[in-house]
Amino acid sequence: MRAVKSQTLYWMAITFVLFPVLILLGIYMRSVQAGALPALEGWFYPMMTLHGVGMVGVWYVAAVACAANVLAKYAAPSPAIGRLAIAGTVVGVLLLLACVFLGRFAAGWYFLYPLPFKGEWPAWSAVVFLVSLTVLGATWLVWSLDLLRAIAARYSLGQALGWHYLAGRSDPVLPPAVLIITVSLIASVAALVAGVIMLVLFYLELATGAPNDALLMKNLIFFFGHTLVNLALYLGVALAYEVLPEYAGRPWKTNKVVVISWNAVLAIVLVAYFHHLYMDVVQPGVLLYIGQVASYASAIPAAVVTIFGALLLVYRARMRWNLASILFFLGLAGWAIGGVGAVIDSTISANVRLHNTLWVPAHFHTYMVAGLVFLVVAYFYHVCQEAAAAPERTGYQKLLATLMVLGAYGFFLMFYLSGAYSVPRRFAAYPAELAHGAIYSGIAAAFAALFLLGFVLYLVETGKRWRRALAHAS
Ligand code: HEM
Ligand SMILES: [Cu+2]
């Protein structure tokens, strides 16, 4: 338990270093798109790739690390596997940096087949990229399996999924966070196994020269990518279930509705990815309809049940508002707001217009930045503050939260407006017909800088407590 606690502090340090760097890459991209950095335009696509893979990876591991820390209260994750996860992640990140900076690898965060083999970058950089993902994927698979093992040592599968609640029993007591973490880790294993299969197919093609089936590869990559990103968010939500009650002074317990909805999530999350293939006319049509229905359905159990649950928890409660509870609340809101953007985009008749416009980054940045990031940094602060018990400066905390919210939503709004006015995503420079795209980019860069300022203030507030927590832990 102690080892997992100090590992959580190391994961925080990794996140605190990488996130600001990756934000700077985002600001750099918006500046290039605004036409402000013509000399550096050639780096746009390698940096877009690094930003995308880096952000998704950082926030996935940060969320799993928080989940492991929660689990350590109820079960016994292996400290050795925890160390392996840190080491494997560091090696994977170094390989990623090498292929992007030395090889200018630039196939984007989901490196759609066969692009890695067709770009202007040297062949070795594509191989290093695939090896980097293999190291990361294999490490995270082992980590997820160990956390599931720890859960299985304490609960049977049926109990961990809360099925005894459906029969009217509540013994053993299952905290909702453990239920959600179980669901997410099962999805994580499925996603990572699909990722490993896809990587093996890439290697086979490298070895034999025989081409792969592009449609199969696209299904595998989105099953992997969609599922991984989704479950990272669910892990963030699990943290809110675990911690928000402490600030509300009321319990947030597992009940039948919670059990049914999170079991449904497990089924739905695995088929919603079809919404990434609406433009692939060779994909059997029925799967696309399943994708639309599943995308809608996924909003009900998770979001509606959780959001109503959270509102009931807070309603007329004697809330203790500090940086943690504020960010948890904002994080749930951002998750729901981004979800609305996602449901619009997953509607086939709307997707025909919005596909590959900046609407796509608009909605996923909303639930990643204002959802997942807020939830995780809320938890980080909570853990550090618990250990350090330092006096809290409410005014300062409200100020930095305000800066982060204003910066984030201003930045999202520019993406949404661009998407609504048909500006495509992944354009380093906008042609004259899309001159409005460049204007939105410049405004977005300024808002993103505001967000970064807020985050730096957060780091000052949390960093002090982090140091004290580290001193206690060692
Ligand atoms: C908070 C500051 C952030 C800024 C300023 C930022 C900025 C950007 C920009 C400008 C793009 C390129 C959009 C385009 O023209 O297609 C982008 C893409 C992307 N971002 Fe972010 N972002 C931020 C945070 C995040 C976070 C927290 C995540 C995930 C957890 C994330 C994941 C991605 C992904 C996956 C892409 C797509 C890359 C691709 O198309 O291959 N970003 N971001
Ligand atoms: Cu998706």
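Start by selecting residues 359–388, which form helix α14 in this predicted model. Its 30 residues should span 44 Å at 1.5 Å a residue, and the end C-alpha atoms lie 41 Å apart, so the two values agree.

Next, pick Phe374 and look along the axis on either side. α14 bends there by about 30°.

How many residues of α14 are buried? The count is 27 of the 30, so the rest of the structure largely encloses α14. Buried here means under 20% relative accessible area.

Step past the end of α14 to Ala389. This residue follows the helix and has a positive phi, near 45°.

Move on to residues 435–473, helix α16. The helix contains 39 residues, and the distance from its first C-alpha to its last is 54 Å, close to the 57 Å expected at 1.5 Å a residue. Select Thr462 within it: a kink of about 30° in α16 is centred on this residue.

Which helix gives the most to the nonpolar patch? It is α3, residues 79–101, with four residues.

Is Phe101 buried, partly exposed or exposed? Its relative accessible area is 42%, so Phe101 counts as partly exposed, the class between under 20% for buried and over 50% for exposed.

Key: Residues are numbered from 1 along each chain as its sequence is written. Chains are lettered from A and ligands numbered from 1 in the order in which they are written. This is a predicted model: local features need pLDDT of at least 70, side-chain atom pairs count only at pLDDT 80 or more; totals for chains, interfaces and linings use all residues. Side-chain values use heavy atoms; hydrogens and water are left out. Helices (H or I, at least four residues) and strands (E, at least two) are DSSP runs, numbered from the N terminus. The expected span of a helix is 1.5 Å times one less than its number of residues. The bend at a residue is the angle between axes fitted to the seven residues ending there and the seven starting there. Buried means under 20% relative accessible area, exposed over 50%, partly exposed in between (1.4 Å probe, protein chains only).
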